[in-house]
Amino acid sequence: MFFSGMSKLALPSERFRVSYRILGSEKEAYEKAKDICLEQTVEFPEELVPQGVIADHIVGRIESFEAYDDVSFGAEISYPVDCTASELTQLLNVVFGNISIKPGIKVLGLDLPDSILNAYKGPRFGREGLRRLLGVVERPLLFTALKPMGLTNEELAELAYKFALGGIDIIKDDHGLSNQSFSTFEERVKLCAEAVHRANHETGNRSIYMPNITAPYGEVLDRGRLAKSLGAGGLLIAPGLTGLDAMRAVAENDDIGLPVMSHPAFQGSYVLGDSGLSHQVLFGQIPRLAGADGTVYPNFGGRFSFSREECQGIARASMLPMGHLKPIFPCPAGGMSLQSIPESLKVYGKDVIFLIGGGLFKQGPDIIENSRYFKKLVEEISNKAE
């Protein structure tokens with residue numbers, strides 16, 4: 001045998017589980033499940049897998065298999081905890097590495113033991129910490145974006161000032177603002193942070209400005225530190241562009257120590273269709289592992305295609321028990337309007353951050369009054385719901 005005398009590793013027996021939906025007939029789906037067990041671990045011909053520890057413990061194991069719907073089956077597959085190397089990148093590789101290249105397989109959920117969860121600090125603030133920071137005890141938080149791209153930094157700062165005067169809790173860069181010649185990062189952060197601090201001094205509010213630190217490799221942490229030094233109150237990052245572990249590094253960095261919001265840019269194709277990741281995994285569970293305090297995603301009824309049920313799944317995953325990882329805020333966005341607030345409150349309750357960008361401009365020419373109306377509307381509807 002090729003491996004005679006090898007395969008004598010002694011591994012702990014603890015395993016974690018991943019739930020998959022697999023398209024096909026029962027026979028086809030079961031064969032795909034068996035393939036997943038090999039592909040996500042040893043990536044080796046089944047007949048050549050060394051017997052003993054590798055065959056018995058390293059290779060994935062089908063724990064359950066049953067019909068999911070008329071065209072697919074659900075399989076729960078376990079993997080040894082040690083295969084993840086206590087690294088987020090390798091954990092995601094085991095969960096959905098090579099099989100992401102194969103059609104008809106979707107990750108539905110992650111069941112992770114404390115031995116994995118304890119490797120991550122998770123959200124620094126979470127729901128309760130962000131509420132304390134902003135001084136908002138019960139009502140949903142208010143969120144908006146500086147836009148459109150093409151405004152000067154002075155014009156963006158003036159918008160930030162008006163939003164803060166109107167009572168918006170979190171004012172973020174639009175995710176398209178980076179370090180363009182017409183809106184350089186350092187100047188924009190300096191001016192917008194100063195504008196929000198000035199408004200807070202006038203109103204007594206605790207609004208914060210979150211610049212977008214989505215950047216090339218090697219610059220993400222530097223922009224986070226720079227933003228902190230310039231007075232930013234939080235950070236926006238698109239982990240689909242930077243990598244999820246880059247967001248984790250920002251969230252866990254004690255020199256930065258700011259709330260982090262995850263933006264869904266470049267991630268949509270992971271959840272659309274019969275392959276990929278479920279909404280609750282990609283926008284609920286994984287952002288918590290990667291340290292986000294809030295997860296932005298398209299709300300139902302907006303200009304994107306997420307359904308009410310998919311959005312409810314994200315909200316549930318943002319708070320389901322995950323060891324020591326704090327619950328985070330779901331942040332429905334993507335074409336939300338003031339008119340959609342009542343229905344959205346029925347779905348999410350009070351532990352939600354409503355992100356309305358263009359919808360605030362549509363309300364009328366006075367941004368300050370539009371912001372005040374947004375706040376008043378949310379407070380009134382929240383109070384009625386009690």
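Helix α5 spans residues 126-134, and its buried residues are Gly126, Arg127, Gly129, Leu130, Arg131 and Leu134. Two arginines, Arg127 and Arg131, are in that buried set. The model described here is predicted. Just past the end of α5 comes Gly135, with a positive phi of about 70°.

## The open sheet

Five strands make up an open sheet, ordered β2-β3-β1-β4-β10. Its pairing is mixed. β2 (61-69) and β10 (276-277) are the edge strands, and each pairs on one side only. Inside the sheet, β1 (residues 15-23) runs antiparallel to β4 (residues 105-111), and six bridges link them. Ser19 has Gly109 of β4 as its bridge partner.

Two helices pack on this sheet. Helix α1 (residues 26-39) touches β1, β2, β3 (72-80) and β4. Its direction makes about 145° with that of β2. Helix α3 (residues 88-96) touches β1, β3, β4 and β10. The direction of α3 makes about 40° with that of β1.

Is strand β11 enclosed or open? Five of the five residues in β11 (residues 294-298) are buried, so the strand is largely enclosed by the rest of the structure. Both of its faces are covered. Gly294, Val296 and Pro298 lie on one side, while Thr295 and Tyr297 lie on the other.

β11 pairs with β9 (residues 260-262) in the parallel sense, over two bridges. Here Ser262 stands opposite Thr295. β11 also runs parallel to β12 (residues 329-333), joined by five bridges. Tyr297 has Pro332 of β12 as its bridge partner. Between β11 and β12 the chain passes through helix α12 (residues 308-317), and this β-α-β crossover is right-handed.

## Asn153 and helix α6

Asn153 belongs to helix α6 (residues 153-165). Its relative accessible area is 2%, so Asn153 is buried. Which side chain makes a polar contact with that of Asn153? The partner is Glu187, at 2.7 Å. Beyond four places in sequence, Asn153 touches Phe182, Ser183, Thr184, Glu187, Arg188 and Leu191.

## Nonpolar cores

The largest nonpolar core holds 100 residues. Phe16, Tyr20, Ile341 and Phe374 have the most contacts inside it. Helix α6 supplies the largest share of this core, eight residues. Phe374 is in contact with Leu142, Phe143, Ile168, Leu338, Ile341, Phe354, Ile356 and Leu360, leaving aside neighbours within four places in sequence.

There is also a second, separate core of 16 residues. Its members include Leu130, Phe143, Ile208 and Ala333. Leu130 is one of the buried residues of α5. Phe143 is also one of the contacts of Phe374.

Most residues other than glycine have a negative phi, and most peptide bonds are trans. Some sites here depart from that. Lys147 and Pro148 are joined by a cis peptide bond, with omega about 5°. Pro148 sits in the loop between β5 (141-146) and α6.

Glu43 has a positive phi, near 45°. Glu43 is in the loop between α1 and α2 (53-58). Is Glu43 buried or exposed? Its relative accessibility is 52%, so Glu43 counts as exposed; the cut-off for exposed is over 50%. Ser86 also has a positive phi, near 55°. Ser86 lies in the loop between β3 and α3.

Technical notes
Residues are numbered from 1 along each chain as its sequence is written. This is a predicted model: local features need pLDDT of at least 70, side-chain atom pairs count only at pLDDT 80 or more; totals for chains, interfaces and linings use all residues. Side-chain values use heavy atoms; hydrogens and water are left out. Buried means under 20% relative accessible area, exposed over 50%, partly exposed in between (1.4 Å probe, protein chains only). Helices (H or I, at least four residues) and strands (E, at least two) are DSSP runs, numbered from the N terminus. Two strands pair if DSSP finds at least two bridges between them. A crossover is right-handed if, with the strands pointing away from the viewer, the path from the first strand over the helix to the second runs clockwise. A polar contact is a pair of N or O atoms within 3.5 Å; within protein, one must be able to donate a hydrogen and the other to accept it, and residues adjacent in sequence count only if both atoms are side-chain atoms. Contact means heavy atoms within 4.5 Å. A nonpolar core is a set of buried Ala, Val, Leu, Ile, Met, Phe, Trp, Tyr and Cys residues joined through side-chain atoms within 4.5 Å. Axes are lines fitted to C-alpha atoms, for helices over the stretch in contact, and angles run from 0 to 180 degrees between N-to-C directions.
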